[in-house]
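Here is a short briefing on one structure.

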Amino acid sequence: MAQDLNANLDAYWMPFTANRQFKKAPRLLTRADGMYFTDDKGRQILDGIAGLWCVNAGHNRPKIVKAIQEQAAEMDFAPPFQMGHPKAFELAEKLVQLTPAGLNKVFYTNSGSESVDTALKMAIAYHRVRGEGARTRLIGRERGYHGVNFGGISVGGMVANRKMFGTMLGGVDHIRHTHDPARNAFSVGQPAHGAEFADDLEKLIALHDASTIAAVIVEPVAGSTGVLIPPQGYLQRLRQICDKHGILLIFDEVITGFGRTGNPFAAQTFGVTPDLMTVAKGLTNGCVPMGAVFATQNIYDAFMNGPEHLIEFFHGYTYSAHPLACAAALGTLETYADEGLLTRAAEMQGYFAECLHSLKGEPNVIDIRNIGLIGGVELTPLPGEPAKRAFNVFLDCWDKGLLVRTTGDTVALSPPLVIERPHIDRIIDTLRGALRRAA
């Protein structure tokens, strides 16, 4: 049923939003089910971005809803410091059955941003407890997105997320991004060229010395910067360099985790296992905020020294392993398993890629990138108005009943893993029309 929009919109300062534009023409979502949102006018909106890279199993899934409802009635909160509750341990056991071999310890957070800051602290503290306390430097990547906390924006490389906030963390450097349209434009899947970009890390090691570097953090697929797919051999090369110099490798899988690339985690898709891995989003299907860091046994064991009554790692959150979040995650994992969703992107990616790349030749399309059920369509910017062309496409798609995401002048797609071919057809047809109207 359509809802009358009489509420005052002024008090809410919206995140990552053009607030003035939005409040002149609000886009309000009121319900969600399966592949669709419903807006305040009663229109169905096809969800082309899984909410915000997170609703991997689709909306309003019965087992997740039931798990949250039952947990709220049973126990609303349990203190996570010096206490535990059964679902936190049950969930951790189920999660490590999905992770790459060796990543068998789980530390809970409440978001991707918190997961990143947690992993960075783990890395620095790990070297210290091993007697290498000089290893405090962190290496990120240009155009990387690692959330919005100070640690995440420091190792991140998206200029707009950094420029307003001062000097950030010290001792951080960046390797270059892998975007190389001159050689790799319109690649289907992993680009053939660019493994050598990983050798930037050797240059930074020569500059700073390995004895000062704690960790390197990258997204296996850089999502929020516009869907940058790792070149063939690139992640393997990063792993080799980190191993050579005793540096920890952190994968930020907040976007790629839980089936997005055709395996439970992108680490498995690309055959590279990090030392630490951050997740959130798809962990609970977006239903309750939750994140986690996966660590190796070796990292965990390094902290398990000293008197047993003392805290080994002085870090955590009031809502770590929140009972409702754990219940939601267990319901989510059950739903994934029931429907084979953690590998479904591998089944659908061929058709998705074929349809997505059919947009080559449409007005102002200068590159198309894809892996699993992730797609990016990069557009020529409007002269003097960066990001406006893609934003116009976003608004056009919204008017036609499709939700997409834009970052800069790239239109990003990451539909729920329950997507069927007719949904893909509609997404591409709607986007095609919007591109032509934006020409």
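Is E202 buried or exposed? E202 is buried, at a relative accessible area of 19%; buried means under 20%, exposed over 50% and partly exposed in between, with a 1.4 Å probe and protein chains only. This is a predicted model, in which local features need pLDDT of at least 70 and side-chain atom pairs count only at pLDDT 80 or more, while totals for chains, interfaces and linings use all residues. Residues are numbered from 1 along each chain as its sequence is written, and side-chain values use heavy atoms, with hydrogens and water left out.

**Helix α3**

- Helix α3 covers residues 62-74; helices are DSSP runs (H or I, at least four residues), as strands are (E, at least two), numbered from the N terminus.
- The 13 residues of α3 should span 18 Å at 1.5 Å a residue, and the end C-alpha atoms are 18 Å apart, which agrees. The expected span is 1.5 Å times one less than the number of residues.
- I64, A67, I68 and Q71 are the buried residues in α3. They sit on the same side of α3, because their arc around the axis is only 95°; the arc is taken from the directions from the helix axis to the C-beta atoms.
- P62, Q69 and A73 are exposed on the other side of α3.
- The cover over the buried residues of α3 includes α4 (86-96) and α13 (323-339), with contact meaning heavy atoms within 4.5 Å.

**Salt bridges**

- Side chains of opposite charge can pair when their charged atoms come close.
- The whole structure holds 24 salt bridges, each a side-chain nitrogen of Lys or Arg within 4 Å of a carboxyl oxygen of Asp or Glu.
- E202 pairs with K244 in a salt bridge, at 3.3 Å from N to O. E202 is in helix α9 and K244 in helix α10 (residues 234-245), so the pair ties together parts 42 residues apart in sequence. K244 is exposed, with a relative accessible area of 61%.
- R183 and E196 form a salt bridge, with 2.7 Å between the closest N and O atoms. The pair ties together parts 13 residues apart in sequence, because R183 lies in helix α8 (residues 181-184) and E196 in the loop between α8 and α9 (200-208). R183 is partly exposed at 39% relative accessible area. E196 is partly exposed at 35% relative accessibility.
- E420 and R344 form a salt bridge, the closest N and O atoms being 3.3 Å apart. E420 lies in the loop between β15 (410-413) and α16 (421-437) and R344 in helix α14 (residues 344-357), so this pair ties together parts 76 residues apart in sequence. E420 is partly exposed at 40%, whereas R344 is buried at 12%.
- A network of salt bridges links K63, E334 and D338.

**Cavities**

- The count is two cavities of 30 Å³ or more. A cavity is a set of points, on a 1 Å grid over the protein atoms alone, where a 1.4 Å probe fits but cannot get out; lining residues have an atom within 4 Å of a point.
- The largest cavity has a volume of about 120 Å³. Grid points are joined across faces, edges and corners, and the volume is the space filled by probe spheres set on the points.
- The largest cavity is lined by 15 residues, and the closest to its centre are H179, N184, P191, I229 and R369.
- The largest share, four residues, comes from β11.

Terms used. On a 1 Å grid over the protein atoms alone, a cavity is a set of points where a 1.4 Å probe fits but cannot get out, and a pocket is an open set with protein on both sides within 12 Å along at least five of seven lines; lining residues have an atom within 4 Å of a point.
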